Amino acid sequence: MDIPVNLILSQMVLGVVNGVLYAILSLGLAVIFGLLGVINFAHGVFFMMGAYCAYTLLTWFGIGYWGALVLAPLIVGAIGIVVEVFLIRHLYKLDHLYGLLLTLGLAIFVEGLAHITYGPLGLPYSIPPSLQGAVNLGFMFLPFYRAWVVVFGIVLCVGTWLAIEKTPLGAKLRAATDNPRMVQAFGINVPVMLTLTYAAGVALAAVGGVLAAPIMSVHPQMGVSVVIVVFAVVVIGGMGSIMGSIVTGILLGLLEGLAKAVAPEFSSTVIFIFMALVLLARPRGLFGKVA
Amino acid sequence: MLELANVNAWYGESHVLHGIGMQIPRGQCVALLGRNGAGKTTTLRAIMGLMPRVEGDISLDGAPIAKLRSDLIARKGIALCPEDRAIFPSLTVTENLFLPPVIAKPAMTIEHIYDLFPNLKERGASRGTSLSGGEQQMLAIARILRTGANVLLLDEPTEGLAPVIVQQIARTIREIKQRGLTVLLVEQNARFVEELADIHYLIENGAIVDRMEAAEFSKSIAKVNKLLGV
(Lines give C-alpha, C1' and ligand atoms only; values in the text may rest on other atoms or scores of the structure.)
Protein backbone atom coordinates (compact mmCIF):
# COMPACT_ATOMS: atom_id res chain seq x y z
CA MET A 1 0.00 0.00 0.00
CA ASP A 2 1.51 3.28 -1.11
CA ILE A 3 -0.39 6.30 0.19
CA PRO A 4 0.91 9.77 -0.72
CA VAL A 5 2.00 11.74 2.35
CA ASN A 6 0.22 14.81 0.95
CA LEU A 7 -3.07 12.90 0.92
CA ILE A 8 -2.64 11.80 4.52
CA LEU A 9 -1.73 15.32 5.67
CA SER A 10 -4.54 16.99 3.77
CA GLN A 11 -7.13 14.49 5.06
CA MET A 12 -5.85 15.06 8.59
CA VAL A 13 -6.20 18.83 8.22
CA LEU A 14 -9.75 18.40 6.92
CA GLY A 15 -10.31 15.96 9.79
CA VAL A 16 -9.38 18.70 12.25
CA VAL A 17 -12.11 20.89 10.72
CA ASN A 18 -14.68 18.14 11.38
CA GLY A 19 -13.07 17.55 14.76
CA VAL A 20 -13.63 21.15 15.81
CA LEU A 21 -17.31 20.85 14.87
CA TYR A 22 -17.50 17.62 16.88
CA ALA A 23 -15.83 19.41 19.79
CA ILE A 24 -18.30 22.33 19.73
CA LEU A 25 -21.26 19.95 19.62
CA SER A 26 -19.96 17.54 22.23
CA LEU A 27 -19.05 20.45 24.50
CA GLY A 28 -22.72 21.51 24.66
CA LEU A 29 -23.78 17.92 25.11
CA ALA A 30 -21.28 17.41 27.95
CA VAL A 31 -22.35 20.61 29.73
CA ILE A 32 -26.02 19.58 29.49
CA PHE A 33 -25.34 16.04 30.67
CA GLY A 34 -22.98 17.17 33.42
CA LEU A 35 -25.40 19.62 35.00
CA LEU A 36 -28.86 18.43 33.99
CA GLY A 37 -28.17 14.69 33.70
CA VAL A 38 -30.06 14.73 30.39
CA ILE A 39 -28.80 12.71 27.43
CA ASN A 40 -29.84 15.29 24.88
CA PHE A 41 -30.59 13.31 21.74
CA ALA A 42 -32.10 16.48 20.23
CA HIS A 43 -28.63 18.03 20.07
CA GLY A 44 -28.32 17.14 16.38
CA VAL A 45 -31.52 18.95 15.49
CA PHE A 46 -30.39 22.07 17.37
CA PHE A 47 -27.26 21.92 15.17
CA MET A 48 -29.55 21.60 12.13
CA MET A 49 -31.72 24.47 13.42
CA GLY A 50 -28.62 26.67 13.61
CA ALA A 51 -27.91 25.99 9.94
CA TYR A 52 -31.55 26.51 8.89
CA CYS A 53 -31.65 29.70 10.95
CA ALA A 54 -28.63 31.00 9.00
CA TYR A 55 -30.31 30.03 5.73
CA THR A 56 -33.65 31.61 6.70
CA LEU A 57 -32.04 34.82 7.99
CA LEU A 58 -30.27 35.16 4.64
CA THR A 59 -33.11 34.27 2.29
CA TRP A 60 -36.01 35.90 4.17
CA PHE A 61 -34.34 38.85 5.87
CA GLY A 62 -31.14 39.39 3.93
CA ILE A 63 -29.02 38.90 7.06
CA GLY A 64 -25.69 37.36 6.08
CA TYR A 65 -23.24 34.96 7.69
CA TRP A 66 -21.82 37.26 10.38
CA GLY A 67 -25.25 38.34 11.54
CA ALA A 68 -26.37 34.71 11.56
CA LEU A 69 -23.38 33.71 13.67
CA VAL A 70 -24.73 36.03 16.39
CA LEU A 71 -28.50 35.71 15.86
CA ALA A 72 -28.89 31.97 15.18
CA PRO A 73 -27.48 30.88 18.57
CA LEU A 74 -29.70 33.45 20.31
CA ILE A 75 -32.81 32.23 18.47
CA VAL A 76 -32.00 28.54 19.00
CA GLY A 77 -31.04 29.25 22.62
CA ALA A 78 -34.46 30.86 23.14
CA ILE A 79 -36.09 27.75 21.67
CA GLY A 80 -33.93 25.73 24.09
CA ILE A 81 -35.37 27.73 27.00
CA VAL A 82 -38.90 26.84 25.89
CA VAL A 83 -37.96 23.16 25.49
CA GLU A 84 -36.32 23.04 28.95
CA VAL A 85 -39.14 24.84 30.75
CA PHE A 86 -42.04 22.94 29.16
CA LEU A 87 -40.54 19.50 28.58
CA ILE A 88 -37.14 18.62 30.01
CA ARG A 89 -37.61 20.19 33.45
CA HIS A 90 -40.26 17.59 34.27
CA LEU A 91 -37.84 14.70 33.81
CA TYR A 92 -35.00 15.64 36.18
CA LYS A 93 -36.18 13.33 38.96
CA LEU A 94 -36.63 10.39 36.59
CA ASP A 95 -34.15 7.92 35.12
CA HIS A 96 -31.83 9.28 32.37
CA LEU A 97 -33.63 7.01 29.90
CA TYR A 98 -36.74 9.21 29.99
CA GLY A 99 -34.73 12.25 28.96
CA LEU A 100 -33.15 10.30 26.14
CA LEU A 101 -36.54 9.10 24.87
CA LEU A 102 -38.12 12.56 25.10
CA THR A 103 -35.26 14.28 23.27
CA LEU A 104 -35.18 11.49 20.65
CA GLY A 105 -38.90 12.04 20.03
CA LEU A 106 -38.32 15.79 19.87
CA ALA A 107 -35.50 15.25 17.37
CA ILE A 108 -37.73 13.15 15.10
CA PHE A 109 -40.52 15.74 15.35
CA VAL A 110 -38.29 18.74 14.55
CA GLU A 111 -36.59 16.90 11.72
CA GLY A 112 -40.01 16.14 10.23
CA LEU A 113 -40.97 19.79 10.62
CA ALA A 114 -37.82 20.87 8.75
CA HIS A 115 -38.62 18.31 6.05
CA ILE A 116 -42.12 19.72 5.59
CA THR A 117 -41.04 23.38 5.74
CA TYR A 118 -37.85 23.34 3.67
CA GLY A 119 -38.13 20.08 1.70
CA PRO A 120 -35.85 17.03 1.74
CA LEU A 121 -33.14 18.41 -0.54
CA GLY A 122 -29.97 20.12 0.62
CA LEU A 123 -30.06 23.91 0.41
CA PRO A 124 -26.93 25.86 -0.51
CA TYR A 125 -25.37 28.40 1.85
CA SER A 126 -22.47 30.39 0.48
CA ILE A 127 -19.16 31.08 2.15
CA PRO A 128 -19.07 34.78 3.14
CA PRO A 129 -17.08 36.85 0.61
CA SER A 130 -14.47 37.84 3.21
CA LEU A 131 -13.59 34.17 3.78
CA GLN A 132 -13.44 32.99 0.18
CA GLY A 133 -10.17 31.76 -1.29
CA ALA A 134 -7.52 29.37 -0.03
CA VAL A 135 -4.03 29.29 1.39
CA ASN A 136 -1.28 27.03 0.00
CA LEU A 137 0.10 24.86 2.81
CA GLY A 138 2.56 23.12 0.49
CA PHE A 139 0.78 19.80 0.61
CA MET A 140 -2.74 21.17 0.04
CA PHE A 141 -4.77 24.30 -0.60
CA LEU A 142 -6.67 24.97 2.64
CA PRO A 143 -9.83 27.04 2.07
CA PHE A 144 -9.81 30.16 4.26
CA TYR A 145 -13.28 29.26 5.47
CA ARG A 146 -12.17 25.92 6.90
CA ALA A 147 -9.19 27.60 8.57
CA TRP A 148 -11.63 30.11 10.09
CA VAL A 149 -13.83 27.26 11.39
CA VAL A 150 -10.79 25.70 13.10
CA VAL A 151 -9.58 28.97 14.66
CA PHE A 152 -13.03 30.18 15.73
CA GLY A 153 -14.04 26.73 16.97
CA ILE A 154 -10.92 26.34 19.10
CA VAL A 155 -11.33 29.87 20.54
CA LEU A 156 -14.99 29.07 21.32
CA CYS A 157 -14.12 25.74 22.97
CA VAL A 158 -11.28 27.17 25.05
CA GLY A 159 -13.42 30.19 25.97
CA THR A 160 -16.23 27.91 27.13
CA TRP A 161 -13.77 25.78 29.12
CA LEU A 162 -12.31 28.89 30.77
CA ALA A 163 -15.78 30.20 31.57
CA ILE A 164 -16.67 26.93 33.30
CA GLU A 165 -13.35 26.28 35.04
CA LYS A 166 -12.11 29.77 35.93
CA THR A 167 -15.07 32.05 36.62
CA PRO A 168 -17.45 32.42 39.59
CA LEU A 169 -20.37 31.51 37.32
CA GLY A 170 -18.52 28.36 36.24
CA ALA A 171 -17.87 27.52 39.89
CA LYS A 172 -21.63 27.70 40.53
CA LEU A 173 -22.24 25.38 37.57
CA ARG A 174 -19.65 22.87 38.80
CA ALA A 175 -20.98 23.01 42.34
CA ALA A 176 -24.52 22.44 41.07
CA THR A 177 -23.24 19.40 39.17
CA ASP A 178 -21.91 18.02 42.49
CA ASN A 179 -24.88 18.86 44.73
CA PRO A 180 -27.71 20.98 43.24
CA ARG A 181 -29.92 20.95 46.36
CA MET A 182 -27.16 22.35 48.55
CA VAL A 183 -26.25 24.99 45.95
CA GLN A 184 -29.88 26.10 45.97
CA ALA A 185 -29.86 26.21 49.78
CA PHE A 186 -26.97 28.69 49.47
CA GLY A 187 -29.32 31.13 47.75
CA ILE A 188 -28.60 30.32 44.12
CA ASN A 189 -31.59 29.92 41.83
CA VAL A 190 -30.73 26.49 40.43
CA PRO A 191 -33.84 26.04 38.22
CA VAL A 192 -32.96 29.23 36.31
CA MET A 193 -29.35 28.10 36.11
CA LEU A 194 -30.44 24.76 34.61
CA THR A 195 -32.63 26.52 32.04
CA LEU A 196 -29.83 28.87 31.00
CA THR A 197 -27.34 26.00 30.86
CA TYR A 198 -29.58 24.04 28.52
CA ALA A 199 -30.06 27.17 26.40
CA ALA A 200 -26.29 27.76 26.29
CA GLY A 201 -25.64 24.13 25.38
CA VAL A 202 -28.06 24.17 22.46
CA ALA A 203 -26.84 27.64 21.42
CA LEU A 204 -23.37 26.09 21.06
CA ALA A 205 -24.91 23.43 18.81
CA ALA A 206 -26.48 26.24 16.76
CA VAL A 207 -23.08 27.94 16.40
CA GLY A 208 -21.82 24.61 15.06
CA GLY A 209 -24.73 24.57 12.61
CA VAL A 210 -23.95 28.07 11.30
CA LEU A 211 -20.25 27.17 10.94
CA ALA A 212 -21.16 23.95 9.11
CA ALA A 213 -23.74 25.51 6.78
CA PRO A 214 -21.24 26.65 4.11
CA ILE A 215 -19.36 23.31 4.34
CA MET A 216 -22.28 20.87 4.34
CA SER A 217 -25.48 21.53 2.49
CA VAL A 218 -28.33 22.54 4.81
CA HIS A 219 -30.72 19.58 4.98
CA PRO A 220 -33.05 17.97 7.54
CA GLN A 221 -30.76 14.99 8.25
CA MET A 222 -27.56 17.00 8.76
CA GLY A 223 -27.89 16.72 12.54
CA VAL A 224 -28.45 12.97 12.54
CA SER A 225 -25.22 12.30 10.69
CA VAL A 226 -23.11 14.13 13.26
CA VAL A 227 -24.97 13.49 16.50
CA ILE A 228 -24.03 9.79 16.61
CA VAL A 229 -20.33 10.70 16.27
CA VAL A 230 -20.76 13.44 18.86
CA PHE A 231 -22.22 10.96 21.35
CA ALA A 232 -19.17 8.76 20.73
CA VAL A 233 -16.98 11.82 21.48
CA VAL A 234 -18.75 12.43 24.78
CA VAL A 235 -18.51 8.77 25.79
CA ILE A 236 -14.81 8.52 24.85
CA GLY A 237 -13.99 11.86 26.49
CA GLY A 238 -15.85 10.89 29.68
CA MET A 239 -19.52 11.74 30.28
CA GLY A 240 -19.79 15.34 31.42
CA SER A 241 -16.09 16.16 30.99
CA ILE A 242 -15.65 19.52 29.27
CA MET A 243 -11.96 19.18 28.46
CA GLY A 244 -12.56 15.54 27.49
CA SER A 245 -15.11 16.64 24.90
CA ILE A 246 -12.84 19.26 23.35
CA VAL A 247 -9.73 17.09 23.12
CA THR A 248 -11.61 13.96 22.03
CA GLY A 249 -13.63 15.85 19.42
CA ILE A 250 -10.50 17.09 17.69
CA LEU A 251 -8.74 13.73 18.18
CA LEU A 252 -11.60 11.82 16.57
CA GLY A 253 -11.75 14.28 13.68
CA LEU A 254 -8.04 13.61 13.10
CA LEU A 255 -8.55 9.86 13.39
CA GLU A 256 -11.44 9.96 10.94
CA GLY A 257 -9.36 12.05 8.51
CA LEU A 258 -6.46 9.62 8.78
CA ALA A 259 -8.79 6.69 8.15
CA LYS A 260 -10.16 8.43 5.04
CA ALA A 261 -6.64 8.52 3.63
CA VAL A 262 -5.42 5.11 4.77
CA ALA A 263 -8.53 2.93 4.71
CA PRO A 264 -11.52 4.88 3.36
CA GLU A 265 -13.88 1.92 3.77
CA PHE A 266 -13.30 2.08 7.56
CA SER A 267 -13.54 5.85 7.90
CA SER A 268 -17.11 5.81 9.21
CA THR A 269 -16.53 2.96 11.65
CA VAL A 270 -13.07 3.77 13.01
CA ILE A 271 -14.55 6.13 15.62
CA PHE A 272 -16.77 3.40 17.01
CA ILE A 273 -13.96 0.84 17.02
CA PHE A 274 -11.91 3.41 18.98
CA MET A 275 -14.86 3.97 21.34
CA ALA A 276 -15.16 0.22 22.00
CA LEU A 277 -11.43 -0.03 22.73
CA VAL A 278 -11.49 2.97 25.09
CA LEU A 279 -14.52 1.63 26.94
CA LEU A 280 -12.86 -1.78 27.35
CA ALA A 281 -9.65 -0.25 28.70
CA ARG A 282 -11.13 2.70 30.59
CA PRO A 283 -14.92 2.51 31.05
CA ARG A 284 -15.19 6.05 32.46
CA GLY A 285 -13.64 7.51 29.27
CA LEU A 286 -10.31 9.25 28.72
CA PHE A 287 -11.06 12.25 30.96
CA GLY A 288 -13.93 10.91 33.06
CA LYS A 289 -13.76 10.92 36.85
CA VAL A 290 -14.32 7.84 38.98
CA ALA A 291 -17.99 7.78 40.03
CA MET B 1 -36.99 35.68 65.71
CA LEU B 2 -37.00 32.34 63.91
CA GLU B 3 -40.01 30.41 65.09
CA LEU B 4 -41.29 26.89 64.46
CA ALA B 5 -44.81 25.99 65.50
CA ASN B 6 -46.30 22.50 65.21
CA VAL B 7 -43.90 21.53 62.43
CA ASN B 8 -44.34 18.05 60.98
CA ALA B 9 -42.19 16.54 58.25
CA TRP B 10 -42.13 13.39 56.20
CA TYR B 11 -39.66 11.38 54.14
CA GLY B 12 -42.02 9.65 51.72
CA GLU B 13 -44.52 7.81 53.90
CA SER B 14 -42.33 8.09 56.99
CA HIS B 15 -43.49 10.76 59.48
CA VAL B 16 -40.20 12.00 61.00
CA LEU B 17 -40.97 15.30 62.79
CA HIS B 18 -43.94 15.45 65.14
CA GLY B 19 -45.19 18.93 66.01
CA ILE B 20 -41.84 20.63 66.57
CA GLY B 21 -42.12 23.98 68.34
CA MET B 22 -39.06 26.19 68.88
CA GLN B 23 -38.26 29.84 69.27
CA ILE B 24 -34.84 31.16 68.31
CA PRO B 25 -34.68 34.81 69.41
CA ARG B 26 -32.51 37.29 67.53
CA GLY B 27 -28.93 37.53 68.74
CA GLN B 28 -29.10 34.36 70.81
CA CYS B 29 -27.52 30.95 70.45
CA VAL B 30 -30.06 28.16 70.76
CA ALA B 31 -28.95 24.53 71.00
CA LEU B 32 -30.89 21.53 69.75
CA LEU B 33 -29.65 18.34 71.35
CA GLY B 34 -30.58 14.76 70.68
CA ARG B 35 -29.28 11.34 69.79
CA ASN B 36 -28.53 10.16 66.26
CA GLY B 37 -31.78 9.88 64.33
CA ALA B 38 -33.74 12.01 66.82
CA GLY B 39 -34.65 14.56 64.12
CA LYS B 40 -32.06 17.32 64.63
CA THR B 41 -30.78 17.48 61.05
CA THR B 42 -34.32 17.02 59.72
CA THR B 43 -35.41 20.08 61.73
CA LEU B 44 -32.67 22.17 60.09
CA ARG B 45 -33.57 20.77 56.67
CA ALA B 46 -37.23 21.67 57.30
CA ILE B 47 -36.28 25.26 58.18
CA MET B 48 -34.10 25.46 55.06
CA GLY B 49 -36.84 24.17 52.72
CA LEU B 50 -34.96 20.97 51.95
CA MET B 51 -37.60 18.46 53.07
CA PRO B 52 -39.95 16.91 50.51
CA ARG B 53 -43.00 17.49 52.71
CA VAL B 54 -43.39 19.87 55.66
CA GLU B 55 -46.54 21.02 57.44
CA GLY B 56 -46.86 23.60 60.20
CA ASP B 57 -45.59 27.14 60.59
CA ILE B 58 -42.02 28.31 60.20
CA SER B 59 -41.54 32.05 60.32
CA LEU B 60 -38.72 34.57 60.39
CA ASP B 61 -39.56 37.80 62.20
CA GLY B 62 -43.23 36.95 61.73
CA ALA B 63 -43.03 36.29 57.97
CA PRO B 64 -43.89 32.71 56.96
CA ILE B 65 -41.08 30.88 55.16
CA ALA B 66 -42.28 27.25 55.25
CA LYS B 67 -43.55 27.27 51.67
CA LEU B 68 -40.59 29.10 50.15
CA ARG B 69 -37.92 27.54 47.91
CA SER B 70 -34.62 27.00 49.70
CA ASP B 71 -32.81 29.69 47.68
CA LEU B 72 -35.44 32.26 48.71
CA ILE B 73 -35.12 31.19 52.36
CA ALA B 74 -31.34 31.67 52.09
CA ARG B 75 -31.90 35.14 50.64
CA LYS B 76 -33.94 36.05 53.72
CA GLY B 77 -30.75 35.67 55.75
CA ILE B 78 -30.82 32.06 56.94
CA ALA B 79 -27.72 29.99 56.18
CA LEU B 80 -27.09 26.31 56.75
CA CYS B 81 -23.73 24.77 57.59
CA PRO B 82 -24.62 21.12 56.99
CA GLU B 83 -23.37 18.11 58.93
CA ASP B 84 -21.42 16.76 55.92
CA ARG B 85 -20.02 20.32 55.41
CA ALA B 86 -20.99 20.23 51.68
CA ILE B 87 -17.52 21.09 50.45
CA PHE B 88 -17.75 20.81 46.68
CA PRO B 89 -15.01 18.50 45.39
CA SER B 90 -14.68 20.15 41.99
CA LEU B 91 -14.10 23.60 43.54
CA THR B 92 -11.01 25.11 45.13
CA VAL B 93 -11.06 26.40 48.71
CA THR B 94 -11.51 29.98 47.46
CA GLU B 95 -14.25 28.96 45.02
CA ASN B 96 -16.06 27.12 47.82
CA LEU B 97 -15.72 30.14 50.09
CA PHE B 98 -17.05 32.60 47.51
CA LEU B 99 -19.79 30.32 46.12
CA PRO B 100 -22.88 31.60 47.97
CA PRO B 101 -24.06 35.05 46.95
CA VAL B 102 -23.68 37.91 49.44
CA ILE B 103 -27.21 38.82 50.53
CA ALA B 104 -26.43 41.57 53.05
CA LYS B 105 -23.49 43.42 54.54
CA PRO B 106 -21.59 40.64 56.33
CA ALA B 107 -20.95 40.91 60.07
CA MET B 108 -17.34 39.93 59.31
CA THR B 109 -15.21 41.19 56.45
CA ILE B 110 -13.32 38.67 54.34
CA GLU B 111 -10.09 39.93 55.94
CA HIS B 112 -11.49 39.15 59.37
CA ILE B 113 -12.62 35.71 58.20
CA TYR B 114 -9.10 35.06 56.87
CA ASP B 115 -7.69 36.26 60.22
CA LEU B 116 -9.92 33.74 62.00
CA PHE B 117 -9.09 30.92 59.57
CA PRO B 118 -5.68 31.71 58.04
CA ASN B 119 -5.40 28.27 56.41
CA LEU B 120 -8.26 29.16 54.08
CA LYS B 121 -6.15 31.92 52.54
CA GLU B 122 -2.93 29.94 52.45
CA ARG B 123 -4.60 26.94 50.81
CA GLY B 124 -7.02 28.93 48.65
CA ALA B 125 -5.94 27.27 45.41
CA SER B 126 -6.22 23.70 46.75
CA ARG B 127 -9.28 21.55 46.19
CA GLY B 128 -11.75 22.04 49.06
CA THR B 129 -11.84 18.33 49.77
CA SER B 130 -8.04 18.21 50.19
CA LEU B 131 -8.39 20.09 53.50
CA SER B 132 -8.43 18.22 56.82
CA GLY B 133 -11.80 17.63 58.53
CA GLY B 134 -11.23 20.58 60.85
CA GLU B 135 -10.23 22.89 58.01
CA GLN B 136 -13.26 21.79 56.00
CA GLN B 137 -15.47 22.69 58.96
CA MET B 138 -13.79 26.13 59.17
CA LEU B 139 -14.41 26.57 55.45
CA ALA B 140 -18.07 25.58 55.81
CA ILE B 141 -18.57 28.11 58.64
CA ALA B 142 -16.55 30.84 56.90
CA ARG B 143 -18.58 30.34 53.73
CA ILE B 144 -21.88 31.22 55.42
CA LEU B 145 -20.34 34.04 57.48
CA ARG B 146 -19.24 35.76 54.28
CA THR B 147 -22.79 35.90 52.88
CA GLY B 148 -24.13 38.33 55.46
CA ALA B 149 -26.74 35.84 56.66
CA ASN B 150 -27.83 36.68 60.19
CA VAL B 151 -29.38 33.36 61.24
CA LEU B 152 -26.84 30.54 61.14
CA LEU B 153 -27.90 26.90 61.34
CA LEU B 154 -24.88 24.86 62.42
CA ASP B 155 -25.32 21.10 62.16
CA GLU B 156 -22.94 19.24 64.51
CA PRO B 157 -19.92 21.43 63.74
CA THR B 158 -17.67 19.51 66.15
CA GLU B 159 -18.46 16.00 64.94
CA GLY B 160 -15.34 13.89 64.51
CA LEU B 161 -12.93 16.76 65.20
CA ALA B 162 -9.88 16.92 67.47
CA PRO B 163 -10.33 18.79 70.81
CA VAL B 164 -8.08 21.67 69.71
CA ILE B 165 -10.28 22.24 66.64
CA VAL B 166 -13.43 21.97 68.75
CA GLN B 167 -12.05 24.79 70.95
CA GLN B 168 -11.39 26.91 67.88
CA ILE B 169 -14.96 26.36 66.68
CA ALA B 170 -16.29 27.29 70.14
CA ARG B 171 -14.26 30.55 69.98
CA THR B 172 -15.69 31.25 66.54
CA ILE B 173 -19.28 30.68 67.69
CA ARG B 174 -18.66 33.02 70.67
CA GLU B 175 -17.42 35.69 68.28
CA ILE B 176 -20.42 35.14 66.01
CA LYS B 177 -22.70 35.68 69.05
CA GLN B 178 -20.82 38.80 70.09
CA ARG B 179 -21.47 40.25 66.65
CA GLY B 180 -25.21 39.86 67.20
CA LEU B 181 -25.86 36.95 64.88
CA THR B 182 -28.46 34.32 65.71
CA VAL B 183 -27.29 30.71 65.92
CA LEU B 184 -29.23 27.46 65.98
CA LEU B 185 -26.64 24.91 67.03
CA VAL B 186 -27.42 21.22 66.56
CA GLU B 187 -25.21 19.02 68.73
CA GLN B 188 -24.85 15.75 70.59
CA ASN B 189 -22.10 17.16 72.83
CA ALA B 190 -23.81 18.70 75.87
CA ARG B 191 -20.53 19.97 77.36
CA PHE B 192 -19.75 21.83 74.14
CA VAL B 193 -23.05 23.69 74.01
CA GLU B 194 -23.27 24.36 77.75
CA GLU B 195 -20.96 27.38 77.55
CA LEU B 196 -22.32 28.64 74.25
CA ALA B 197 -26.11 28.39 74.18
CA ASP B 198 -28.66 30.62 75.89
CA ILE B 199 -31.55 28.21 75.37
CA HIS B 200 -31.44 24.42 75.03
CA TYR B 201 -34.03 22.22 73.35
CA LEU B 202 -33.94 18.44 73.67
CA ILE B 203 -35.37 16.34 70.85
CA GLU B 204 -36.28 12.66 70.87
CA ASN B 205 -38.05 10.59 68.21
CA GLY B 206 -38.84 13.69 66.15
CA ALA B 207 -40.47 15.65 69.01
CA ILE B 208 -39.19 18.32 71.40
CA VAL B 209 -39.17 16.76 74.89
CA ASP B 210 -37.65 19.57 76.96
CA ARG B 211 -36.60 23.22 76.89
CA MET B 212 -34.13 24.73 79.35
CA GLU B 213 -32.48 28.08 79.97
CA ALA B 214 -28.70 28.05 80.32
CA ALA B 215 -28.62 27.97 84.13
CA GLU B 216 -31.10 25.11 84.33
CA PHE B 217 -29.21 23.22 81.63
CA SER B 218 -25.95 23.38 83.56
CA LYS B 219 -27.66 21.77 86.54
CA SER B 220 -29.22 19.06 84.37
CA ILE B 221 -26.15 17.90 82.43
CA ALA B 222 -26.38 14.39 83.90
CA LYS B 223 -30.02 14.07 82.87
CA VAL B 224 -29.22 15.44 79.39
CA ASN B 225 -26.32 13.06 78.93
CA LYS B 226 -28.60 10.17 79.88
CA LEU B 227 -31.04 11.26 77.18
CA LEU B 228 -28.16 11.54 74.71
CA GLY B 229 -26.94 8.09 75.68
CA VAL B 230 -23.55 9.37 76.82
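B:D198 and B:K177 form a salt bridge (a side-chain nitrogen of Lys or Arg within 4 Å of a carboxyl oxygen of Asp or Glu), with their closest N and O atoms 3.2 Å apart. B:D198 sits in the loop between α8 (190-194) and β9 (199-204) of chain B, whereas B:K177 belongs to helix α7 (residues 163-178) of that chain, so the pair ties together parts that are 21 residues apart in sequence. Helices (H or I, at least four residues) and strands (E, at least two) are DSSP runs, numbered from the N terminus.

This is a predicted model, in which local features need pLDDT of at least 70 and side-chain atom pairs count only at pLDDT 80 or more, while totals for chains, interfaces and linings use all residues. Residues are numbered from 1 along each chain as its sequence is written, chains are lettered from A and ligands numbered from 1 in the order in which they are written, and side-chain values use heavy atoms, leaving out hydrogens and water.

A second salt bridge joins B:E194 to B:R191, where the closest N and O atoms are 3.0 Å apart. These two residues, B:E194 and B:R191, are three residues apart in helix α8 of chain B, a separation of about one helical turn. B:E194 is buried at 18% relative accessible area, but B:R191 is exposed at 53% (buried means under 20%, exposed over 50%, partly exposed in between, with a 1.4 Å probe and protein chains only).

Turning to chain A, there are 11 helices and two strands, and buried residues make up 51% of its 291 residues.
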